[in-house]
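Dear colleague,

Please find below the structure for your attention. My notes on the findings follow it.

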Amino acid sequence: MKTLFRGGRLIDPAAGRDEAVDVLVEDSLVAAVGDGVDGAGAEILDCDGLVVAPGLVDLHAHLREPGLEHKETVETGARAAAAGGFTAICAMPNTEPVADTTGVIMEVRARAEKAGLCDVLPAAAITRGLDGESLVEMGELADIGVRLFTDDHRSVQSSRVMRLALEYAKAFEVVICQHAQDDDLSEGWQMHEGQYSALLGLTGAPREAEEVTVARDLLLARLTGGRLHLTHLSSLGSVDAVRHARAAGTRVTADVTPHHLSLADEDLIEYDTNKKMNPPLRTPEDRSALQQGLAEGALDAVATDHAPHAVEEKEQEFDRSPPGTTGLETALAVVLTHVVEPGAMGLTRAVEVLSTAPARILGLEEHGGPVQPGRAANLTVFDPAAEWVVGERPFHSRGRNNAFLGLSLRGRVLHTMLRGEPTVRDGEPTR
Amino acid sequence: MIKHLLSVTQLSPEAVTRILDTADSFREVGTRVIKKVPALRGRTVVNLFYEPSTRTRISFELAAKRLSADVINFTTSGSSVSKGESLKDTALTLQAMGADAIVIRHSSSGAPYTLTRWVDASVLNAGDGTHEHPTQALLDLYTIREHFPSFEGLRVAIVGDVLHSRVARSGTHVLTTMGAQVTLVGPPTLIPSEAASWGAAISHELDPVLPKLDVCYMLRVQRERQRQQYFPTVREYAMRFGLTRDRVGALPERALIMHPGPMNRGVEIASDVADLPQALITDQVTNGIAVRMALLYLMLGGEGAQEGTL
């Protein structure tokens, strides 16, 4: 089976390439990249005006299965991912039961393979049952290929446990991923502590609730030499801390979500639960610092923190609603509309932070490019100018809780290809 | 005309004056032998109270009844809510029953906003979490106006747990909107650091503020806050911020003493101070009925109320 992507703009940060070329895929591999590639016998997709890029990679998605299938399943999450241009996503372990044993990891993988829509890499918890105290069997989990360990929304509070996790992980070269948040400083929080929390009468979590944990973990990474990843950073102080630690040689990577790059605490003025986030949306100054940090390389990647919830869970009083927004189907468009279009970041860097960089963090050889002959054909094709309104077409995710519902975004995924198999064609999933 | 009263930030100075003037005309109704006018005959007002409340619920109930509306009191204990019914389903039920106005008290900030998504009825915020208590602020304004001709330049201190107080949020905003100078007084742990952006001054000591005040407004301080260590002991709080007889001596003679109730006598206000003639706590209660009558009347477009009046 041959497919020719003709005349698209290939943005391939791993190869340092940004030019209009043809890309020929044969079976599961890229067969040719260049001008005037012979398309004899191939299905030809006209990509004039479109961007061809390595498939997007997400470091942080909640697929909810097993146990919380009323919010999402591996299959629906993978379909949403493909629709959003992703070819690989890292599934968070806060399921029921928690992904803290090889059994749960294998089960999630099996379901993803059956769906065949997107590579799903289950992350494992750092501690058993997310208890913050007892380390999981990291060696066995690493042996079956788990690359990233995180207690996610349960930030590891104990400095001792965090130190030991970073230290022990060195034996397997796996990543310890932290949602940085000091529980004491953020007790009862509903949003960012500031002008708007004071106005809305909602309990705030200050930036410092994140920053003290970021600072501690950077010191522990320095102490141990362990591989730290800080996920969904939200505050300007965190960006500065990562920048300085990295300049001093600490092994750390970091990501930021599309919603922290585009929204702010002021957007909560009508108590919209779809904009309640963990960590909370902070101020426009934080948002600018996050955009700048991402553009300059202090932050490595964009991660969706795709957090689907049932309608009845979100349609509640603000303080009863769970935090989070879906993100897989809107991530690319939000980054293009709110970061690239205003000029904070170039299109090449956008592809890098959504594909190449997260693929490297997860150690995924097949993803993130380079798009070259002989390499796995994991690709996405999008129209950077196409405008659409979020929610006007049904979501593929089970979650309807999208923070951008009703808003207009630019950038639409048309084709996604996983190892040569089309998972999305003309904007619709193929299965 | 505002459809819902969710926050005092919706109200212009003209709208506030209009409400207070309308309340004036209803104040007299409460002094009659037959305390009733037919203005809202045939309309249904639902009191939807998710939190225990005595004065606000009764005040709204009396206000609606004195306007001849039918009043339904829906408290959460012993109702479908205690069986786990969501706010949405309760709202849809009230909607289906044809409520014209829903007065909501809820422990969650923003719950009245959420309610408006599901009902056609006018929603009146009777206190939501630590957000706002608009009718309290308006009745306080009404009470102050009975003693001072203008709010312009009036010096008001709001003393106590501003951080957790919906009364302070609504009061500060509406007072500054009307031209008063508000000082928020309390320990730094109980004053939001961003309160300066509300147009109020901030003081962490009560004594220096007292001599220039026109109104000294004391907030209820929950003992729970001491357990959470917002202040070390109730004793220290009362010593630094309690309105004692001595402190009343430092107030100008004309100054009013107010409290939204319920009071902690001996904590934020000494018992003998609460019973002084210049302490207007019971006046506030009486005026609350008239102000709530005015709001229901204007918002529901009662007989004789002009369209576009609010």
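Helix H1(A) and helix H2(A) are oblique to each other, a term for angles that are not under 35 degrees (roughly parallel), over 145 (roughly antiparallel) or 65 to 115 (roughly perpendicular). Their axes come within 9 Å and cross at roughly 55°, with H1 spanning residues 74–83 and H2 residues 102–115 of chain A. Axes here are lines fitted to C-alpha atoms, for helices over the stretch in contact, and angles run from 0 to 180 degrees between N-to-C directions. Helices (H or I, at least four residues) and strands (E, at least two) are DSSP runs, numbered from the N terminus.

The model is predicted: local features need pLDDT of at least 70 and side-chain atom pairs count only at pLDDT 80 or more, while totals for chains, interfaces and linings use all residues. Residues are numbered from 1 along each chain as its sequence is written, and chains are lettered from A and ligands numbered from 1 in the order in which they are written.

On the H1(A) side, A:Val74, A:Glu75 and A:Ala78 meet A:Val108, A:Arg111, A:Ala112 and A:Ala115 of H2(A) (contact: C-beta atoms, placed from the backbone, within 7 Å).

In chain B, four strands form an open sheet in the order S2-S1-S3-S4, with parallel pairing (at least two DSSP bridges between two strands). Strands S2 (70–75) and S4 (122–128) of chain B stand at the edges with a single partner strand each, so one side of each lacks a neighbour in the sheet. The twist averages 15° from one strand to the next. Strand S1 (residues 44–49) of chain B pairs with S2(B) over six bridges; B:Asn47 has B:Asn73 in S2(B) as its bridge partner.

With kind regards

How values were computed:
Contact = placed C-beta atoms within 7 Å.
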